[in-house]
Amino acid sequence: MRRSTSRHLSALAAAALLVPLVAACGSDDKGATESKDSGTTATEKAAGPLVIYSGRNEELIAPLLEKLEKATGTEVEVRYGDSAELAAQLLEEGDKTKADLFFAQDAGALGALGKAGRLDALPQGSLDRVDKEYRAEDGTWIGVSGRARVIAYNSDKVAKAPDSVKDLTKPEWKGKVGYAPTNASFQAFVTGMRVLEGDDATRTWLKDFKANSPQVYEKNGAVLEAVNEGKAELGLINHYYWYEKAAEEGADKLKAALSFPKKGDPGALVNVAGVGVLKGNDQSAAAAKAVDFLLSEEAQTYFADETSEYPLAAGIKSKADLPELDTLGVPEIDLSKLESLEVTLEMLREAGMV
Amino acid sequence: MTEPGTRGPKAPPAPARTATRPDTAPAVSGRGRAGRRPPLVLTVLASVAAALALLPLIYLGVRALERGPGFARDVVATGRTGQLLVHSVGLALVVVAASLVLGVSLAWLTTRTALPAARTWSVLATLPLAVPSYVAAFAWVSARPGLAGFGGAALVLTLVSYPYVYLPVAAALRGIDPAQEEAARALGHGPWQTFRRVTLPQLRPAAAGGGLLVALYVLSDFGAVSIMRYETFTLAIHTSYKASFDRTPAAALGVVLVLMTVLLVAAESRTRGRAGSARTGSGTARPPVPLPLGRLRWPALAWCSAVAAAGVLFPLGTLAYWLAVGNSATWEPARLLETGTTTLLVAALGAALTTALALPVGVMAARYRGRVAHLLEQAAYAGHAVPGITVALALVFLAVRYAYPLYQELPLLVLAYAVLFLPVAVGATRAAVLQCPPVLEDVARSLGRGPLRVLREVTVPLAAPGVAAGAALTFVVCMKELPATLLLRPTGMDTLATRLWTETGTASYAAAAPYAAVLVLIAAVPAYLLGRHRT
């Protein structure tokens, strides 16, 4: 009898021990990270940091966010991740999120949060700085930089590059086009085609394109690599991949070149990276300042020069040899309609692409 | 005399061969204890571990049923689910079979034959553990783009996961008392027959346990299949998140994965039967006489070299190439050091917690064969095939609601590692305990020691090397983990895996290479120790 009670007791004690064990592991390191943080950003700690969830890559964006910290005088804490995964995380966190600002790689992730009612409407003054087509209709998010879809071609092997994605289904390109069907940019492009030309036309194009045996790659970078090495003659990518590669290896060394699709072509879509302010955040003033900073000349010049993207707030020109945004054949499309990819995905599945 | 023995490397997968012979395994540890009830403390501690492992399932249930069972059914009841099932199961079958062939053959060659430099080979056979599947897959596909698809995914997953079979089988081979084999030889069996009829059946629990880990790994892997563009359940779950940011369909698909896990675990425990491989002989292990290979030494060496070249040299060579080319290779020693230190810390904490939680489950699984023990063990495996991002979102969901102070703090990340990798440590603990002669425990009991004292003074010390090996293995897998780390790490904290992810995000492989190299180098230390480890 006595034995079994003592057994019970020790069982409980042991179970209780586990909890502090977990907690103890953590508190040690929490102290460590805090001291580390205070080393870098010990300047001011008035209202707590502005927490940004960034789906944009740290390599590209961290220097800009440092500038933001200086310009707005607010301490910034950034959580980097994948746009879609961060969006899922923000939805899971709900109104308890620690995030004040979401900096997403594409309009779709922002649209999903807007649709779920997780974003505050932005001030009209900020919204007005960007053309209507690059922001949410309900004002919950705004594009800060644009990426154009282009057709990359191998200049050794291709005499005249096509200027429409419609041409890619022609027999002369059979087996010669590289693309990344699981990539968000490609899927947004297909969604754009659906919005522009309807589901039936898109389904037909996908079927014909697939029948033309395109080569499948994981990422845009790999597509460009293949085009550059001549493994594929054409490739569907975003424009800045080429400019990054040119910056790294020298433009004159690249066999790959870019063809910007003609006016109104679904292949000429310009998608955006943008920001939204989370509902229930405790930093609305700082968040609004941050949004304005991202639309400022300093930040827009950064996008133009450092990430080779298109500045979306008026009046900034790129150092890189980019064709002007308004000379591109951007089709008229409401980017908010790129929010739902489900039908697109269904089509890609039907076509056997994903 | 030597000729038939070298057919060992081509031995068919062990469970397939032995499944029909359940009677040959010594039931020394199982039968006698089936009826005995485990100490309550053990049950309680194991229940805590199992409950933690089941957390993601609660979330999956909540999310999947969010829009009613009808919606979940619609998501699952499409032709695509069938196709995904075929893809996932097919890949798992092929990878498990190949891993068994590689793992068992290399284990036998390195422990039982006069293979030149056996120790080096055993380290080399363990090292692929240190290579993350996404690094290996990228290395292969960048060299041979034609590999993409089923073949490439199967190749890469086999190469990175066969050590899960190699390690326990090699340990079992070292632990098996050679006396039985000698008796078989004395009774006129050739080396091959001895291997097949005496050794192989004793390897069954180790091989089956390793095979189970490989299968679960394949089901949950995202890196290799996504780079190889072979659509499995896990890849479909990721695509589902990315396409619609909608967690309900992803959860419904996750439930299917959990069901697959349950079936797998049940199948494995059937294959394993009640076998144990404890020595019943004298106290000290006697090394078996190595089998001379004769002329077949060369094919054996070629086999080992081929596996090492594909699993270790090739990915390392690719990393070296990335380091050498590309002017974006910016070494940031300070950052590298900081990230490396953080990675060491979180992986060590992850391994410590996982091992602590696995210990009671593993002991129960090995020593007490009741229904409760069985259920607890299976529960520990339940979440393992679920993709990391799902486990991470489950913990986000639960922590935000019920443990907010812990949210985005280190304990939660460490807990996620424990949930994700509990089976790795449970498997190692169970195998280690199974190899301890239960007779010693019986003696201790008969001398009046209580079950807990026996556990503390006899079982745990005897099993310690195996448990430590399990901890080392867990440490390595924690280091490589990516999706859960991305979502759950404290803001601003980086591990080598997340830095690697950041650098490859901009397609600057040269800049990613230092992180990949340091990751592989650090992970190689425990892997190296595991390769040299002798029980």
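This is a short talk on how chain A and chain B meet, and on the cavities in the structure.

Hi everyone, thanks for coming. Before I start, please keep in mind that what you see is a predicted model.

Let's begin with the interface. How many residues does each chain bring to the contact? Chain B contributes 58 residues, and chain A contributes 53 residues. Between them, the two chains bury about 5300 Å², and 59% of that area is on carbon and sulfur atoms.

Now for the polar side of the story. There are 21 residue pairs in polar contact between chain B and chain A, counting pairs with both residues at pLDDT 80 or more. Which parts of chain B touch chain A? The elements giving two or more residues are helix 2 (40–64), helix 11 (223–227), helix 12 (233–244), helix 15 (333–367), helix 17 (388–402), helix 18 (410–435), helix 21 (483–488) and helix 22 (496–505). Helix 2 of chain B gives the most, with seven residues. Sorted by class, the chain B side of the contact has 29 nonpolar, 14 polar and 15 charged residues.

Those charged residues lead me to salt bridges. As a reminder, side chains of opposite charge can pair when their charged atoms come close. Five salt bridges run between chain B and chain A. One pairing is B:Arg499 with A:Glu59, where the closest N and O atoms are 2.9 Å apart. Over all chains, the count comes to 26 salt bridges. Another pairing to look at is A:Glu92 with B:Arg63, at 2.3 Å from N to O. Why does this pair join two chains? Because A:Glu92 sits in helix 3 (residues 83–93) of chain A, while B:Arg63 belongs to helix 2 of chain B. Helix 2, you'll recall, is the element that gives the most to the chain B side of the contact.

The structure has seven cavities of 30 Å³ or more, and the largest cavity holds about 490 Å³ of space. What lines it? There are 32 lining residues, and those nearest the centre of the cavity are B:Leu167, B:Pro168, B:Ala171, B:Ala428 and B:Ala431. In chain B, helix 8 (163–175), helix 10 (191–220), helix 18, helix 20 (451–480) and helix 23 (509–532) each supply at least two residues of that lining. By class, the lining divides into 19 nonpolar, 11 polar and two charged residues.

One link to finish on: helix 18 of chain B gives residues to the side that touches chain A, and helix 18 also supplies part of the lining of the largest cavity. Thanks, and I'm happy to chat!

Methods: Residues are numbered from 1 along each chain as its sequence is written. Chains are lettered from A and ligands numbered from 1 in the order in which they are written. This is a predicted model: local features need pLDDT of at least 70, side-chain atom pairs count only at pLDDT 80 or more; totals for chains, interfaces and linings use all residues. Side-chain values use heavy atoms; hydrogens and water are left out. Contact means heavy atoms within 4.5 Å. Buried area is the accessible area (1.4 Å probe) that two parts lose on being put together, summed over both. A salt bridge is a side-chain nitrogen of Lys or Arg within 4 Å of a carboxyl oxygen of Asp or Glu. A polar contact is a pair of N or O atoms within 3.5 Å; within protein, one must be able to donate a hydrogen and the other to accept it, and residues adjacent in sequence count only if both atoms are side-chain atoms. Helices (H or I, at least four residues) and strands (E, at least two) are DSSP runs, numbered from the N terminus. Ala, Val, Leu, Ile, Met, Phe, Trp, Tyr, Cys and Pro count as nonpolar, Asp, Glu, Lys and Arg as charged, and the others, Gly among them, as polar. On a 1 Å grid over the protein atoms alone, a cavity is a set of points where a 1.4 Å probe fits but cannot get out, and a pocket is an open set with protein on both sides within 12 Å along at least five of seven lines; lining residues have an atom within 4 Å of a point. Grid points are joined across faces, edges and corners, and a volume is the space filled by probe spheres set on the points.
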